[in-house]
Amino acid sequence: MTSASGPAWAADATVETRSLSRWFGQKVAVSDVTCAFGPGVTGLLGPNGAGKTTLLRLICGLISPSDGELTVLGSDPRKNPKVYASLALVPEEDAVYGFQTAREFAAYAATLAGTDPAKADEAIAMVRLEDAADRPISGYSKGMRQRAKVAAALVSDPRILVLDEPLNGTDPIQRAHLIDTFRRLGDAGHTVIVSSHVLAEVERMADRVLAMVDGKLAAAGNIASIREAMSDIPYRLRVEAGNARMLGAALLERHDVSGVEIDGDTLRVDTTDLGDLGRAIPTVARRLDARITLVEPEDESLESVFRYLVRRR
Amino acid sequence: MKQFIAMTRVSLRQVIGGRRIIAVGLVALLPPIVTLTTIGSYVDRGALRQFHDATIGVIFLIVIPVVALILGSGALGDERRDGTLSFLVLRPIRREAIVGAKLGAAATATFIVAGSGALLSALVLGGMSGVWDPLIPLLISVAIGSIAYASVFVILGFITARAVLIGLIYVFVWESGISFAADSLATVSLFRIGLSAYTGMVEFAVTDIGEVLGSVQPGVGGALVKIAVLAAAAVAIGASFLRKRDLVTKD
């Protein structure tokens, strides 16, 4: 159990969990999690199936804990719905009414939150969905649905914003804009909790990170401390590029690359410093005239990192 | 109140939308078709007896329960299973208001669909035989029956994903079968709530179909009390589920 004063704890906490556990039959989804979230953006990082969504659902009161305590602004949300005047969730699943337009959806959210429905227009503008705002959501792409959900969450200007994989399906421009929006909310003093299985995404959004694996808190702290904790174990990076063989050979000469596998145009690069290597790859590729089409950490690799962190605790 | 109205309006759109409305619309066509084929050359009292013998049974034993089951079980249940329930429950709204709005939408949708079928059948009866007495009482009793069934099926739909199957067994095994076995069982039968209101308002109805009521007394007052109790119980039970049960089922 993590103590209520360590790196998993936050000053001015708005959300607190103490020894929180949730199991579904034999499966333990969240195990003995003690942590707190306060103003600013906190990233909840972990591989798929780590328990992030279950923890967020517990925080929002959508499911009940099997054990432990949870408070949001001092109350148990399942017993005090007034808490929801200050809390909004962007769930991972498509929790939208397909027959509504995004503007209707946001206005409906505003009405239910006791806010002026006219604020829907501002929320739609915040997520840059004006052009499609009057079309039924059923015809939206995944990214547009995500933004409609974010608009519905932002419309009531919640003090606590819970985002479950909010960047799924968004294109790079939308992603950059949403990240900027979440950061600004965090800077303005909102408690923003955002889950992701992609370290690079969390790094861009959050100053503070809680890493989860197998339902447990694996690490907590700022990005630098998480990176440091991960520094002595290899990551695996997937790179798709032309001229892959030469690029692989060049990367293998680097001190932070411990191995390279080549499969056609795909390279799997083992490294101990994901950040440095990620920054260096475009330079090396340019020198070799190798066109890169994809650079991403492999989930499996990230999962092994988290498992390593859990073992170390 | 604004929140309640908004929830009811959106829920009504949700409940009536999609392919379901076509299925229940077809079910609602049964009463006018039955009326059309059974009235024939009957007039006055004879036509009314034919209407009571054939059409009333179709309306109260088939149309209202089936329509309420299909529309009502999805009101909360579909939202729980497709994840949109989280959108509603994460609002500073009393859980009773959420269930009340869902119940209101389901009962209204049932009344719109089943009531249309009942209205058409009463119009066919009046047009063919000149008997117009059942028209208004029929609509009132269909409204009462819609509330009764919606109260049960909205909660059933929340509890189980197999609500339609269980509901059909209830409707066609219990309501249409077992509840006729003894007079005392009639008091725990939903279709008799609407039917008791109808028989309390239409002359000769007790004579024609009164025996179906078993131990239930004809009259609107008793029916209104029963649906008030049923609706209140549904709201209380549903709100309790919203507080205590897991509200998302998808991973």
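Which residues of the largest nonpolar core touch the most other members? I looked that up before anything else.

**Ground rules.** I'm working with a predicted model, where local features need pLDDT of at least 70, side-chain atom pairs count only at pLDDT 80 or more, and totals for chains, interfaces and linings use all residues. Residues are numbered from 1 along each chain as its sequence is written, while chains are lettered from A and ligands numbered from 1 in the order in which they are written.

**Cores.** The answer is Ala106(A), Ala151(A) and Val67(B), in a core of 168 residues. By nonpolar core I mean a set of buried Ala, Val, Leu, Ile, Met, Phe, Trp, Tyr and Cys residues joined through C-beta atoms within 7 Å. Buried here is 20 or more other C-beta atoms within 10 Å of the residue's own, with C-beta atoms placed from the backbone. Helix α4 of chain B (residues 44-82) supplies the largest share of this core, 18 residues. Helices are DSSP runs of H or I with at least four residues, strands are runs of E with at least two, and both are numbered from the N terminus.

I then checked Val67(B), leaving aside its neighbours within four places in sequence: its contacts are Val24(B), Val27(B), Ala28(B), Thr110(B), Val113(B) and Ala114(B). A contact needs C-beta atoms, placed from the backbone, within 7 Å. I also found a second, separate core of 15 residues, with Tyr235(A), Val239(A), Ala241(A) and Leu274(A) among them.

**Where the chains meet.** I found 22 residues of chain B in contact with 25 residues of chain A. On the chain B side, α1 (2-16) and α5 (85-89) each give two or more residues, and α1(B) gives the most, six.

**Sheet in chain A.** I traced an open sheet of six strands with mixed pairing, in the order β5-β6-β7-β3-β8-β9. Its edge strands are β5 (87-90) and β9 (216-222), each pairing on one side only. Pairing takes at least two DSSP bridges between two strands. Neighbouring strands are turned by 15° against each other on average, direction ignored.

Inside the sheet, β6(A) (residues 160-164) and β7(A) (residues 191-196) pair in the parallel sense over five bridges. Leu163(A) stands opposite Val194(A) in β7(A). Helix α1 of chain A (residues 52-60) packs on the sheet and touches β3 (40-45), β5, β6, β7 and β8 (208-213). Its direction makes about 150° with that of β6(A); axes are lines fitted to C-alpha atoms, for helices over the stretch in contact, and angles run from 0 to 180 degrees between N-to-C directions.

How values were computed: Contact = placed C-beta atoms within 7 Å. Buried ≥ 20, exposed ≤ 12 C-beta atoms within 10 Å, placed from the backbone.
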